[in-house]
Amino acid sequence: MRFKRNGSYTLNRKSKPKTNGKKPPAEEKKQYMEPEFTKIRVVDFDLKELVVLPREIDLNEWLASNTTTFFNLINLQYSTISEFCTGDTCQAMTACSTIYYWYDERGKKTKCTAPQYVDFVMSLCQKLVTDEEIFPTKYGKEFPNSFESLVKKICRYLFHVLAHLYWAHFKETVALDLQGHLNTLYAHFIVFVREFNLVDPKEISIMDDLSKVLCTPAPPPAPVPASSASAPSPSSENHVTER
Ligand SMILES: [Zn+2]
């Protein structure tokens, strides 16, 4: 389901140590938290204005439309670096000190690589958002009772993909000069899921440091001295959480 790109980029990638599926990848340093990157957005207005339910629009219609858009945009953003997210580089679906495991339809926990996990996520989301019984597009067709819980499920999985993009593929995103798009997409998504309480705050708390910086209107431009770049958080490497 993922968009594949044909071109190949010539980036200098250092090989990463084996993770055995237990530890996060080697990029513990949160490059994405450095002010020179967090200040880069595509838009600089308050994203909250974009997510509040407009008057006269049905809540479910609004959730359906936004969820479908986020699915498409996050899928597209991931596709820009998907050739660097392989079974070798990303042996597990990691984000900060968390490893995500996939649970199949029977609830069985499955160990998988990050690209496999993202494929599972995108395939499931594609199936749900195009299911006329769940995301109805025809006039007069009702949303099912399970609609909200399915939207929450989609948003939770999409968050995992965004978190993985920052954690494991920020360098490549910067090399492609797409960090402004990623920052804007991330901030818009977080403001949206918070507005409608679609993802457990505990779930998204692993990225709270970034959310705090990005989910406020961008500060007026000011020169940032190179020496003020933030140091990696020592606490981020100390434990591994399983989800
Ligand atoms: Zn990856």
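Glu-148 counts as partly exposed because it has 16 C-beta neighbours inside 10 Å. The cut-offs are simple: 20 or more other C-beta atoms within 10 Å of a residue's own make it buried, 12 or fewer make it exposed, and anything in between is partly exposed, with C-beta atoms placed from the backbone. Glu-148 sits in helix α5. Ala-64 is 84 residues away from Glu-148 in sequence, yet the two C-alpha atoms are 9.3 Å apart in space.

This is a predicted model, in which local features need pLDDT of at least 70 and side-chain atom pairs count only at pLDDT 80 or more, while totals for chains, interfaces and linings use all residues. Residues are numbered from 1 along each chain as its sequence is written.

Now the whole chain. It has 8 helices and 5 strands. These are DSSP runs numbered from the N terminus: helices are H or I with at least four residues, strands are E with at least two. Along the sequence the pattern reads α-α-α-β-β-β-β-α-α-α-α-α-β. Of the 243 residues, 30% are buried. Among contacts with a separation of 6 or more, 81% join residues 24 or more positions apart. Two residues are in contact if their C-beta atoms, placed from the backbone, lie within 7 Å.

The largest nonpolar core holds 53 residues, and Leu-158, Val-161, Leu-162 and Ala-163 touch the most other members. Such a core is a set of buried Ala, Val, Leu, Ile, Met, Phe, Trp, Tyr and Cys residues joined through C-beta atoms within 7 Å. Helix α5 gives the largest share of this core, 14 residues. At least two residues each come from α3, β1, β2, α4, α5, α6 (179-195) and α8 (208-214). Beyond its neighbours within four places in sequence, Leu-158 contacts Phe-70, Phe-71 and Ile-74.

Which residues of α4 are buried? They are Ala-114, Pro-115, Tyr-117, Val-118, Val-121, Met-122 and Cys-125. These residues lie on the same side of α4, because they cover an arc of only 155 degrees around the axis. The arc is taken from the directions from the helix axis to the C-beta atoms. An α-helix has 3.6 residues a turn, so residues three or four places apart point the same way. On the other side of α4, Ser-123 and Lys-127 are exposed. The cover over the buried residues of α4 includes α3 (59-81), β1 (93-95), β2 (98-100), β3 (102-103) and α5. The length of α4 (residues 114-129) agrees with expectation: its 16 residues should span 22 Å at 1.5 Å a residue, and its end C-alpha atoms are 22 Å apart. The expected span is 1.5 Å times one less than the number of residues.

Finally, the annotated site. An unreviewed UniProt entry lists Cys-85, Cys-90, His-164 and His-169 under "binding site". They are spread over 85 residues of sequence but cluster in space, with a largest C-alpha distance of 9.8 Å. UniProt positions follow the numbering used here, feature names are shortened, and annotations may be inferred rather than shown by experiment.

His-164 is in helix α5 (residues 147-175). His-164 is buried because 26 other C-beta atoms lie within 10 Å. Not counting residues up to four places away in sequence, His-164 touches Met-93, Thr-94, Ala-95 and Ala-114. His-169 is also placed in helix α5. His-169 is buried, with 26 other C-beta atoms within 10 Å. Leaving aside neighbours within four places in sequence, His-169 contacts Ile-81, Phe-84 and Cys-85.
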